[in-house]
Amino acid sequence: MTTLATIDVGTNTTLLLVARAEGADAVTVLDERAEITRLGRGIGLGGALGAEGISRTLDALRGYAALARLRGARIAAVGTEALRRAPNGADFLGPAAEILGVPVEVIDGAREAALTFRAAAASFPAEARAGALVVVDIGGGSTEIILSDRGAVTWSASLPLGSVRLTERYLRHDPPTPAEVDAIERDVDGALAAVPWSAGPSATVVGIAGTVTSLAAMALRLETYDPTRVHGYELEVTAVDAEIARLRASKQDEREGIVGLDPRRADVILAGALILRRLAAAAHAAAIRVSDRGIRWGLLYEALERP
């Protein structure tokens, strides 16, 4: 039996998975945590990490490290877009390595996409084997898109689209103006134009990360987040449209009170929802299969293969 703790240090959220496993098919989850730490606040402006985001994220890592030690777990940690871009990343990476006892590996977009796909294919193996699969991971700073056919990746990219990045770049009013929403949609559509989508609605689209799971929880009206109800949920595009309409008409304090939405995500959820909606349109998808298992799960499966 191997006990592993995998950590995903994202632009908006820092996530932990602690699991005991004999192999990829025999995983027992011991702990899962997600803290909205906003390490990448400012990514849509200058990209430098702020002192508050660094402090919040290091605090989260201290708790995660203590939990991993309690479980006797080996730690593996990765950092994504905020750390890829930050000119002052060392201000975070040095203290983080001391806390965890291992370095936070700053991964490039290709490796991020590979870990994301690994987690999605393991979560929905029948769909991955059956035909075309589109996996989308909407983060705070970037969005990874992976296209596959019968389990083999045919195309992948990390695009500079993220809920925090686009919020900081375009949204200045509360509620946002139609012109601000249009600007986000134009930016997203421009980036998606390079994706070689299939011509018809034959692919299964899997959505990963906080934007998608939040929209599912909102559609389900979950008073308390329940991963067993969110993971595998079919989020229809019509439901996404309804949530976007509600978010566009709401002010910050109203969004913070929406059932199913973590109030700490209320300022960036609209931008994330707009990314998902434009992705669904480009992929000709009527629904998105929601996955509650992202990079930390892909990292777990990868780590299980190491001695």
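Axes here are lines fitted to C-alpha atoms, for helices over the stretch in contact, and angles run from 0 to 180 degrees between N-to-C directions. With that in hand, let's explore this predicted model.

**Exercise 1.** Find how helices α8 and α12 are oriented to each other, and which residues meet.

*Solution.* Step 1: Locate α8 at residues 210-220 and α12 at residues 269-282. Step 2: Their axes come within 9 Å and cross at roughly 95 degrees. Step 3: Angles of 65 to 115 degrees count as roughly perpendicular, so α8 is roughly perpendicular to α12. Step 4: On the α8 side, look for T211, V212, S214, L215 and M218, which meet I269, G272, A273 and L276 of α12. Step 5: Sort the residues of this contact: six are nonpolar, three are polar and none is charged.

**Exercise 2.** Decide whether E243 is buried or exposed, and find what it touches.

*Solution.* Step 1: Go to helix α10, residues 237-248, where E243 lies. Step 2: Buried means under 20% relative accessible area; E243 has 4% relative accessibility, so it counts as buried. Step 3: Leaving aside residues up to four places away in sequence, E243 touches L215, M218, A219 and R221. Step 4: The side chains of E243 and R246 are joined by a polar contact of 2.7 Å.

**Exercise 3.** Work out which strands stand at the edges of the six-strand sheet.

*Solution.* Step 1: Read the order of this open, mixed sheet: β8-β7-β6-β9-β11-β10. Step 3: From one strand to the next, the twist averages 25 degrees. Step 4: Follow β8 to β7 (residues 143-149): the two run antiparallel, joined by seven bridges. T143, for instance, has L159 in β8 as its bridge partner.

Conventions:
Residues are numbered from 1 along each chain as its sequence is written. This is a predicted model: local features need pLDDT of at least 70, side-chain atom pairs count only at pLDDT 80 or more; totals for chains, interfaces and linings use all residues. Side-chain values use heavy atoms; hydrogens and water are left out. Two strands pair if DSSP finds at least two bridges between them. Helices (H or I, at least four residues) and strands (E, at least two) are DSSP runs, numbered from the N terminus. Angles under 35 degrees count as roughly parallel, over 145 as roughly antiparallel, 65 to 115 as roughly perpendicular and the rest as oblique. Contact means heavy atoms within 4.5 Å. Ala, Val, Leu, Ile, Met, Phe, Trp, Tyr, Cys and Pro count as nonpolar, Asp, Glu, Lys and Arg as charged, and the others, Gly among them, as polar. Buried means under 20% relative accessible area, exposed over 50%, partly exposed in between (1.4 Å probe, protein chains only). A polar contact is a pair of N or O atoms within 3.5 Å; within protein, one must be able to donate a hydrogen and the other to accept it, and residues adjacent in sequence count only if both atoms are side-chain atoms.
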